[in-house]
Amino acid sequence: MKMILGRFAILAAILGFWEFASGRFMEPYLISTPSKIMTTFWAWLMDGRIFFHAGITALEAVAGFILGAAVGMTLGILLGRAEKLAELLNPFIMGFYSIPKIALAPLFIIWFGIGLEMKILLTATIVFFLVFLNTYTGVRSVSPELVNILRLMGANERHVLRKVVVPSAIVWVFTGLRLSVPYAMIGAIVGEMIAANRGLGYLLSHASAQFNTAGVFAALFAIITLSVLMNTAVGIVAKYAMPWEKAQKKREVSI
Amino acid sequence: MRAVGRICGQLATVKACSGADPIRVGRSYEGVGKSFGALKAVTDINLIVNEGEFITLVGPSGCGKSTLLNMAAGIFAPTEGKVFYRGAPVSAFNRKVGYMTQSDHLLHWRTVAGNIAVPLEIAGMTKAQIRERIAELLDLVGLRGFGDNYPNELSGGMRKRCALARLLAYDPETLLFDEPFAALDAQLRLKMQVEVRRIATQLRKSILFVTHDLDEAVALADRCAIFTSRPGTIREVLDIPLPRDRDLFHLRHNQHYIDLTARLWDEMAPAISAEEH
């Protein structure tokens, strides 16, 4: 409770200083003011604009997220079990991984146009690598001793996959998913900023083009809200998918 | 050098090994050797394991005791000689045996009951059969009432009990233990030793038990095989003439036990001190 009050105090102090400083120390057209931002945000909320644009962005991010995660998980498990194949493909995978995925946007525009598909695929590409690499690591980290113990129990490859490999990879998959949420938003937003007439990214760049600073901040606020919602959703799904983790602190692994 | 190794597993019935060689009752290792690349792990091992026998394996680190267990399980094949199980050469993954290692390898996403269910699910038992068998096993290992707990909610000893229940679930005839209790504290280890001894006798299991603990090696065993350092071979097999239903809590005062551990210590000491250098 004290923690929450403390956080609100910090927030209030920042907003108060911002409001005060604007027009006194800094030009208002550069930083706007919290009150103006709230007014703009409220207006967008009232005319439904924010829901429309946020809905588009959420659709792109979620669809890309699911597509990328599904493919990443499948390939991660597959290559995790097929050591030779993984070794064969390793340089190609690392080569693709090293491309900043955003740099693929122009190519995707040529291939898929400037509609939703382009943003979904861009997002999926980004999410794919994070989930794939985490799943692969998870599958590789399954103890061979444990697999042998199961084999002695009469397990075949399908049993090993279903009872050990997939469940033990899940922790890693969710680590990958959590890391992916902000990146999924990057895919969707950058895609919209490059070429679109709807979505939060469009709202952001449109406000910026008109020097509507309050609008830019309002759009950023909407983006933050959407990201937090998605993070929370992944957290809730993770909790249900991994009931054994309830008390345990999750370790975050970055790559 | 031609090594002839034979791990004799136990036969189910003594009758099964009728013939000129009446000793060969169970699993046998005949002149078994195993090399990993240029490294020779074990060589020239001959050991016959009789039905229902508790054999402990001691020896310096890296002398190939675990290698022997792996060969009995068919996890890998010997490079020399043959390993027989009930008269037939051991092929890949010998399902007549169960394996327990130092790490309990419980599936942390499954409850205790869920963990024990793994081999039963693999065997294709029905839900009702599985539930019944789990209740039986929980009683056997002293975990009644803990079926719904997750492994990370259990103490080290309880995790071992759970692993033991899972091991026993599919009723393997022979149990292979690779220093299963090495990580436990002394009291807990003694308790688990009592459990293993009791269960082995009660269920008439044959057991190969690798350990570094010389007291444990004597306390548990009917026979104790002493390994030399790498490439490991069995130098001697000690008979442990302690009663089958021995009381592990009071062995400290048993003169046989005292003499045997002292003897084992004398056997092992040169190898152990050589290890230092």
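The model on screen is a predicted one.

**Stop 1: the second largest pocket**

To find the centre of the second largest pocket, show Leu15(A), Trp18(A), Ile37(A), Met38(A) and Phe221(A), which lie nearest to it among the 13 lining residues. The volume of this pocket is about 370 Å³. Which classes of residue make up the lining? Colour by class and the second largest pocket shows 12 nonpolar residues, one polar and no charged.

**Stop 2: where chain B meets chain A**

Now display both chains. The contact between them draws on 21 residues of chain A and 22 residues of chain B. About 2100 Å² is buried between the two chains, and carbon and sulfur atoms account for 69% of that area. Next select His105(B), Trp109(B) and Ile122(B): this trio supplies 32% of the area that chain B buries against chain A, more than any other three residues.

How many salt bridges are there between chain B and chain A? The count is one. To see this salt bridge, pick Glu121(B) and Lys163(A), whose closest N and O atoms are 2.8 Å apart. Across all chains the structure holds 22 salt bridges. The Glu121(B) end of the pair that crosses between chains sits in helix H2 of chain B, and the Lys163(A) end sits in helix H9 (residues 157-194) of chain A.

Polar contacts come next: three residue pairs are counted between chain B and chain A, with both residues at pLDDT 80 or more. On the side of chain B that touches chain A, select strand S7 (97-100) and helix H2 (112-122), the elements that give two or more residues to it. H2(B) gives the most, with four residues. Sorted by class, this side of chain B has 12 nonpolar, five polar and five charged residues.

**Stop 3: the largest cavity**

Two cavities of 30 Å³ or more are counted in the model. Go to the largest of them, which has a volume of about 80 Å³. Which residues line the largest cavity? From chain A, select Ile149(A) and Met153(A). From chain B, select Tyr99(B), Met100(B), Thr101(B), Ser103(B), Asp104(B), Ala163(B), Arg166(B), Leu167(B) and Tyr170(B).

Then colour chain B by element. S7 and helix H4 (156-169) of chain B each supply at least two residues of the cavity lining. H4(B) has the largest share, with three residues. By class, the lining of the largest cavity consists of seven nonpolar, two polar and two charged residues.

Note on methods:
Residues numbered from 1 in each chain as written. Chains lettered and ligands numbered in written order. Predicted model: local features only at pLDDT ≥ 70, side-chain atom pairs only at ≥ 80, totals over all residues. Heavy atoms only, no water. Contact = heavy atoms within 4.5 Å. Buried area = accessible area lost by both parts, 1.4 Å probe. Salt bridge = Lys/Arg side-chain N within 4 Å of Asp/Glu carboxyl O. Polar contact = N/O pair within 3.5 Å; in protein donor to acceptor, adjacent residues only side chain to side chain. Nonpolar A, V, L, I, M, F, W, Y, C, P; charged D, E, K, R; others polar. 1 Å grid on protein atoms, 1.4 Å probe; cavity = no way out; pocket = protein on both sides within 12 Å on 5 of 7 lines; lining within 4 Å. Points joined across faces, edges and corners; volume = space filled by probe spheres on them.
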